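Student: I would like to learn how to read some features of a structure, going step by step from helices to charged pairs. Could we work through an example together?

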There are 2 protein chains.
Amino acid sequence: MASIPYVLIDSFIEGTRCLAYYGTHSFRSGYIAGRLIRGQVSNDDEIAIFHFMKSGNSHSQQVNRREEGFRKFLLDNGFNGTIHSLTMHTDKRDDNIDRLAKFLDGHNRVKAGVVFNSRAHVLGDYIMQTSASSKFRLLGYDVIDANVRYLKSGLITHLISQRPEVQGYHCVKALFRHLVLKESIEPVNYMPIDIIIKENIEYYNNYI
Amino acid sequence: MASIPYVLIDSFIEGTRCLAYYGTHSFRSGYIAGRLIRGQVSNDDEIAIFHFMKSGNSHSQQVNRREEGFRKFLLDNGFNGTIHSLTMHTDKRDDNIDRLAKFLDGHNRVKAGVVFNSRAHVLGDYIMQTSASSKFRLLGYDVIDANVRYLKSGLITHLISQRPEVQGYHCVKALFRHLVLKESIEPVNYMPIDIIIKENIEYYNNYI
């Protein structure tokens, strides 16, 4: 029996035998996140990376690559400040809020943070309950409604996005081209990495 | 005889009876340019707006609206520095270079400039011939090869782009929908305003 062809979307997984991958270059998108954060902090400031994990899970390769790219940009561009790393457990809301509040109270040079998956809004919910909320700025991924609310409020300064509908369209098309048209498919297909701010979000999904 | 239907693309012209417009919100794109420049200058710096004009022509409405948006962002966001305005005449290359060199020599707080049409690369050519080239940063419009070269070299920090091929596609589609399908067409259709930097240009035109 022939193996069932499949396409990876959004997050590439190494060591698989996928027909094709459609998504962004994760390292490069993290590198861009680094530039966007770097523009908002001085050398004396500190930065926090927030991880969201389910109990027992490890980070996705996508999140790891984004973080590598992020750190590389800061290294390449003369940022000498401390980069903190704080892990949130998705099922421990009250505990997360406590730990975040203590962390921010104890590190008042942390002016900006980044979340490498779509959960920046969850962190936003926490931050709004701490005394640090007025001066904290956050960068996140993915144009989902909950993130867009914080983009509009100013807490999230940038969202990095990757046209998920267009990714999905191309994945189905790749399967069709392979199965029906018998065409050869390019294995790795990097999508645009879009920079979304409060001022261009209104038009982002128009006429794509 | 019925009038011939037409669609405006890229630049809206008021007072016309076009069937539809496909392009960006010019004021808002200038507002975004303001944010991108503001992030690169301190309150003591100065900014230059460079206009490119053909003899006898006035600025396009698009360029005027972009400039209004740009100035509005700076006004809204506490920029108190001087904004200079310098006009280049498209047919006077040597004269432009002379005037630019004198201007930059005489205004060493001008660290950043903006060109509201696609000619940032022409200014780039001039700047590379002045002593100010190493510290000057430029924002421009439109992903054309000559601009992309300066984006990659770092002289241009941002290009604002508007998916011209997608605009063109929708313009033709609107005419088809009007003439053949007899559908009603939305008159004003704002396209996404894309922020292009050195780190995402490589993927910008992939799979749109």
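Tutor: Gladly, with the caution that this is a predicted model. Ask about one feature at a time.

Student: What should the 13 residues of helix 1 of chain B span at 1.5 Å a residue?

Tutor: The expected span is 1.5 Å times one less than the number of residues, so helix 1 (residues 26–38) of chain B should span 18 Å, and its end C-alpha atoms are 18 Å apart, which agrees.

Student: Is S11(B) buried or exposed?

Tutor: S11(B) counts as buried because its relative accessibility is 18%, although this residue lies in a loop, between strand 1 (7–9) and strand 2 (20–23) of chain B. Leaving aside neighbours within four places in sequence, S11(B) is in contact with Y21(B) and Q62(B).

Student: Which residues form a nonpolar patch on the surface?

Tutor: The patch consists of F176(A), L179(A), V180(A) and L181(A), which together have about 370 Å² of accessible area. Of these, L181(A) lies in the loop between helix 6 (164–179) and strand 8 (188–190) of chain A, and at 42% relative accessibility L181(A) counts as partly exposed.

Student: How should I read the salt bridges, and how many does a search of the whole structure find?

Tutor: Side chains of opposite charge can pair when their charged atoms come close. The search finds 18 salt bridges over all chains. One of them joins E68(A) to R65(A), with the closest N and O atoms 3.2 Å apart; both residues lie in helix 2 (residues 61–76) of chain A, three residues apart, about one turn of the helix. E14(A), R65(A) and E68(A) are linked in a network of salt bridges.

Student: Where do K72(A) and D76(A) lie?

Tutor: Both lie in helix 2 of chain A, four residues apart, about one turn of the helix, and their side chains meet in a salt bridge at 2.9 Å, N to O. K72(A) is partly exposed at 35% relative accessibility, as is D76(A), with a relative accessible area of 38%.

Terms used: Residues numbered from 1 in each chain as written. Chains lettered and ligands numbered in written order. Predicted model: local features only at pLDDT ≥ 70, side-chain atom pairs only at ≥ 80, totals over all residues. Heavy atoms only, no water. Helix = DSSP H or I, 4+ residues; strand = E, 2+ residues; numbered from the N terminus. Patch = residues over 30% accessible without salt bridge, like charges linked within 9 Å, V, L, I, M, F, W, Y side chains within 5 Å. Areas by Shrake-Rupley, 256 points an atom, 1.4 Å probe, with all protein chains shown as cover. Salt bridge = Lys/Arg side-chain N within 4 Å of Asp/Glu carboxyl O. Buried < 20%, exposed > 50% of the residue type's maximum accessible area, 1.4 Å probe, protein only. Contact = heavy atoms within 4.5 Å.
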